Amino acid sequence: MRKIQFALLFALSVLLAGAAVADGSGWDRHDAVREAVGDATPQLGQLRMQMPSVSEDGSAVPLEISIDHPMTDGDYIESIRVFATANPNPEVVDFYLTPLMGRAEVSSRVRVNESQTLYAVAHSSSGDVFVASSDVRVTVGGCLMTSDDDIAEFGQPRVAPPRNLAAGQPGEVRTLVTHPMETGLREGPDGELLPRRMIDTLIVEFEGDTVLTVKMHTAVSENPYMRFFMAPETSGNAVFRWTEEESGDTVEEQMAFNLS
Amino acid sequence: MSNDKKNLGAVSRRSLIKGLGAASVLPMVSACGTMTGRGSADARVVVIGGGFGGATAAKYLKRGNPNLDVTLVEPAEVFYTCPFSNLYLGGIREMNEIAHNYDELKDVYGVQVIHQLAQDVDPVAHTVTLGDGTTLIYDKLVMSPGIDFRWNEIEGYDQAAPQYAPHAWQAGEQTRLLRRQLEGMDDGGVFVLVAPDNPFRCPPGPYERASMVAHYFSQHKPNSKVLILDAKDNFSKQGLFTAGWNEFYGNRIEWVGLSGDGRVMRVDAVRREVETEFGTLHQADVLNVVPPQKAGMIAERAGVTDDSGWVPVNPATFAATMADDIYVVGDATIAAPMPKSGFSASSQGKVAAAAIIAEVAGETPPPAYFTNTCYSLIAPDYGISVAAIYKTDSSGEVEVTSSGLSPAEADRSTRALEAQYARGWYEAIAQDTWGTRY
């Protein structure tokens, strides 16, 4: 009899786990997310947040957020902020977007400390607020034990421009820079806390106008990777500038965008 | 290991005693009640796939309850294992030493083996359709379908590409082709290995392959190099591999991870050229692409895969969560933290067999335990390993109960012993799975 009860309980828990819907609901249970939403009533189901449901390496979990929304001067998505409620610091990364991007879609790789629900909050310039969520289970694969390798230095900026660029059409841009993104929360081999050393922002400009500002928090993975869109109307020069917090050191990459 | 066997033994004895009685007392149990033409068998079980997971499940089903009617569907008459296929590339093992057949399953255990491709599964009608049009009816279905590739996820790596740039990630002709290409390469050439992001079959596999190819080069083509372009920043047993590479191969092996622009976005298989995420072009003399993967095709046909392309299962039994009476084991499943390995598949095959035997007998499946060891050879007498024991926790997820990794600092005799253990492991699991004796 006990066995049968056990089996029933088990079946029930599996059903419940399978029924967990990641549409952004439950956002109001978390202070950081509630603060980001503000006074507005957020719309659920429009913002899309894609992460793998099971991740074998919590140190770099792919994250993609997008929404079908105009990106015109009159009405555009002006911010997308991401929260990992069970991380030591719930703030993950904030994207401040502009109409120059042409498409509201951003990707990165982030640290997820343990299995949890992550939230994204987007604000439009006209005052709409959108919330999405994603359930991530983090497990270290048995064959995936890793070791600490060399500590990355700040530098080696890389930018992959859009392959074909037509005036006003959003083209995909990928960026990467080498940086340890040391959180100040981690112990070194000697048991002492390693000092905090973080990149504060990535700012992207096109012909002097800001296209995108990315504010990074401790959950952005080592060697920050950002993918987004740019939709320039004319050929011109883009500047990608990463700035370290505290030191204020910067690393910059310039690239000419030639419209076809 | 011994736990596994004890549990299974206990179940099989109970099933033998109670099996028939329970089924007649509880006519509503599972689909057995609706089956006709079952003859005197307790239940009809069809097993799709004759690799580590499927062959093990078929054997342990019959071993646990000889009164089950077990049919194994596997297209190949000779099965080549991925484990130790890298040793063939290194020139230290031949293909006939990683080849297995189904004689023991047929002759000793009474499994009916049909060499056909399973084309389709109807989970409602409980039928499997084979390549020759035959339809099999099942009460319980076990699938161990392995992997399929996500063609064109790396641009240009389509179904035609492997004849020029082999994947060799399903052992057999592809493995032979890759070795022929390595043998035909001029000294001073570059072997480029494109490694995928997680999850994929055999997490340490690409790095053992790099080791074995570097070993072959050190013997025959001393001026040749190995370049690994990786879509991730960390890999299995990384510290041990890196130290071993430094010791044996110096700068003959170069690894470029994700942050170093190692992720390959485009392949020209004919010209053996690859392009990375940030536009670096690499020219290979031999190009080996291990593409992104998903569950074997038949799992998708049966409708048991989710949007990740893999099969969610209840880890206590390895029953698929998306269909009744279908059990899926091995690389096709979402079983992390268990890796996608032959050993995991074998362990899962035993758990699924025990669960089916119990359910047919109207009993509760025994608690599930799993074991896995991944051995890798860096050189013929230099082995490393990672091992773990798993169980299902109260929430129904798989958890690690204990685990271990080869020590970072160890003398050559320890590494030589591990290489010996690796050979012993292979012989033991080949005998357990297919009855192959060395």
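**Helices, strands and their terms**

Modeller: Helix α2 (residues 52-64) of chain B and helix α9 (residues 342-360) of chain B have axes that come within 7 Å and cross at roughly 35 degrees. This is a predicted model, in which local features need pLDDT of at least 70 and side-chain atom pairs count only at pLDDT 80 or more, while totals for chains, interfaces and linings use all residues. Residues are numbered from 1 along each chain as its sequence is written, and chains are lettered from A in the order in which they are written.

Biologist: What makes the crossing of α2(B) and α9(B) right-handed or left-handed?

Modeller: The near helix is turned clockwise from the far one in a right-handed crossing, and anticlockwise by less than a right angle in a left-handed one. α2(B) passes α9(B) in the right-handed way.

Biologist: Which residues of α2(B) make the contact?

Modeller: Among them are B:Phe52, B:Tyr60 and B:Leu61, with B:Ile356 and B:Ile357 included on the α9(B) side. Contact requires C-beta atoms, placed from the backbone, to lie within 7 Å.

Biologist: Why is strand β5 (residues 77-84) of chain A called mostly covered?

Modeller: A residue is buried if 20 or more other C-beta atoms lie within 10 Å of its own, exposed if 12 or fewer, and partly exposed in between. In β5(A), 6 of its 8 residues are buried, so the strand is mostly covered.

Biologist: How do you know that β5(A) and strand β8 (residues 116-124) of chain A pair?

Modeller: Pairing takes at least two DSSP bridges. β5(A) and β8(A) have 7, in the antiparallel sense, so they pair. Here A:Ala84 stands opposite A:Leu118.

Terms used: Axes fitted to C-alpha atoms, helices over the stretch in contact; angles between N-to-C directions. Helix = DSSP H or I, 4+ residues; strand = E, 2+ residues; numbered from the N terminus. Contact = placed C-beta atoms within 7 Å.
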